[in-house]
Amino acid sequence: MFEQFQNHINENLSFLKGKKLLLATSGGVDSMVLLNLCYQLKLDFAVAHCNFQLRESESDEDEDFVKNQISILSHRAQSRCQIPIFIQRFDTKAFAEQNKLSIQVVARNLRYEWFYTLLAKHNFDYVLTAHHLDDSLETFLINFTRGSGLDGLTGIPEQNDKIVRPLLAFSRKEIEAFAKENQITWREDSSNASDKYLRNKLRHDVIPILKELNPSLLSSFENTISHLKQSQSLAQDAAKNLYQKVVTEEEHHTVIDLPKLLKYRNYKAYLFDWLQPFGFADWISVYDLINAQSGKQVLSETHILLKNRDSLLLFPKQNIVSDEVFWVQKEQSEVKIPLKLDFCNVSDISLQSTNTIFVDEDLLQFPLTIRRWQEGDFFQPFGMTGKKKLSKYFKDEKFSLLEKSNVWLLCSDDKIVWIVGKRQDERFKVTATTTKILKINYTN
C-alpha cells in the first residue's frame, strides 16, 4: 500500500509535496495509517487532534494516545524536526443543545472551523483527513436515502478547497491490512459499534449485504462515481451557459427571467443548481413559486426567493432590515449611512432628476430623518395637488417586495420630503418666494 500511496501522491496530489500540511488525527486506524504514510514520505506536517468530550474517559484516552504516538515518531526522527501537535477540546454536547443541532453536525462544524483557524494562524497550506473509499460509499448511500442531486451522489470529493483526502482511493480493508502488517497501533471508537447513527447502520447492516451480492462492490462504486462526476461536469457546464442567458445580477439582488427559463424542459434542474448554494431545501415550494402570484416567497436561512411578476428575485435577508432612524443635522453636508446623500446650498435650480432634488430649506424642520417606509405613510407627489399613500404609489409603480423593502424616506418632522431616488414631495418644492435653495443628491 505504501507504494500505491506514494504513486497516488506523485500522480494525482503532487501539489502536496513541499507544502506545509496539517493532519487531522483522531487516533483511529484510518488517521494513524495516514500519519504513518505521510511520515514515511517525509512530508512536512503537523498534527491536529479534536477532543469532543463525548465518550467520557475514552475521549481523554484518545487524546493521550495521539500525543504518545507523535512523541514516539518524533523520537524516531532523530535529525528531523519534532512533529508539532495541536489539541483542541470542545464542549460538544453543550454547544449542540444551545444551538439545537445534532451532535454529528456540531462536531463536524467545530472541527473544520478549528482547522481553518489553524491554517490561517500557522500558515498551513492544506488539511489532510483520512476519509477512505468506504466512507465515500456510506456518504453516497446516506445522500441517496435522503434524496439528493448529483452533488450528493458523487461521494466525498478528494479535494474541497483546503481540505484534501489522500486515502479516498483505498478501502477500509486495505487500510486495516496495512496497519496490521506494519504493526501500527490505533484506538477503536466505541461509538462506531452503535447503530444509533444512520452511517453505522449502513456500515453494519446494509453494505455487508451489498458486498455479498457483489463482491466487487467498491470497484463498481468507483466506476459509478467516475461516471457521475462526468455527468456532473456536463450538467454544470450547461447550467453555467444557461445562467448567462436567463439570470441577471443586479447590485442588491439576482433576477431569474421565468419566460426564458421555462423554454427549457429541465428548468427545475437548472433552478436546483443555481439556488442550492443559498441554502434552499424545500424544493417543492421553490418550484411552486414559478406559477404563484406575485409577492409569494420562499426562505432559506440566509436568503429570500420572491415571485415578482415574470421573475424570481433572489436576495440576502439583510437587504430587508432596519426600523432604525438616522438623523441629519442642519450643518451636515453629507451622510454616508444608511445611504449616500450630499447637501449643499445653491442659487438656482439646475438639472433635476430622480437622484437629485431641490427643496425650500426654510420649509424643512431639522434635524431631518432617514427611515424605512411604514404602513399608513403618505406624501404629496411632486406636481400633484392631493396626497397619496405610499402603498398605493408602490402598487401603481409596480414595485416588487424587494424594491419596497429597499426604499428609504427623507423626512422633515415626519413629513416625507423625498422617497429617495424615486419621487419628491410637492410640499417642499422651490417656488418664486423661496430664499434658500437646498440641493440634495443621492449616490447609489
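**Reading contacts and helix packing**

Trainee: Leaving aside its neighbours within four places in sequence, which residues is T356 in contact with?

Mentor: In this predicted model, T356 touches L351, W418, K439, I440 and N441, once the neighbours within four places in sequence are set aside. T356 itself is found in strand β15, which spans residues 356-360.

Trainee: Is T356 buried or exposed?

Mentor: A residue is called buried when its relative accessible area is under 20%. T356 has a relative accessible area of 8% and is therefore buried. Its side chain also makes a polar contact, at 2.6 Å, with the side chain of N441, a residue that is among the contacts of T356.

Trainee: How are helices α6 and α8 oriented to each other?

Mentor: Angles from 65 to 115 degrees count as roughly perpendicular. The axes of α6 (residues 133-146) and α8 (residues 198-213) come within 10 Å and cross at roughly 105 degrees, so the two helices are roughly perpendicular to each other.

Trainee: Which residues of α6 and α8 meet?

Mentor: On the α6 side they include L137, L141 and I142, and on the α8 side they include L202, I207 and L210. By class, the contact of α6 with α8 has seven nonpolar, two polar and seven charged residues.

Trainee: At what angle do α2 and α7 pack?

Mentor: Helix α2 (residues 29-40) and helix α7 (residues 172-181) pack at about 65 degrees, with their axes 10 Å apart, and α2 passes α7 in a left-handed crossing. V29, D30, V33, N36, L37 and Q40 of α2 make this contact with I175, E176, F178 and A179 of α7, and by class it has six nonpolar, two polar and two charged residues.

Notes: Residues numbered from 1 in each chain as written. Predicted model: local features only at pLDDT ≥ 70, side-chain atom pairs only at ≥ 80, totals over all residues. Heavy atoms only, no water. Axes fitted to C-alpha atoms, helices over the stretch in contact; angles between N-to-C directions. Helix = DSSP H or I, 4+ residues; strand = E, 2+ residues; numbered from the N terminus. Parallel < 35°, antiparallel > 145°, perpendicular 65-115°, else oblique. Contact = heavy atoms within 4.5 Å. Nonpolar A, V, L, I, M, F, W, Y, C, P; charged D, E, K, R; others polar. Left-handed = near helix turned anticlockwise from the far one by under 90°. Buried < 20%, exposed > 50% of the residue type's maximum accessible area, 1.4 Å probe, protein only. Polar contact = N/O pair within 3.5 Å; in protein donor to acceptor, adjacent residues only side chain to side chain.
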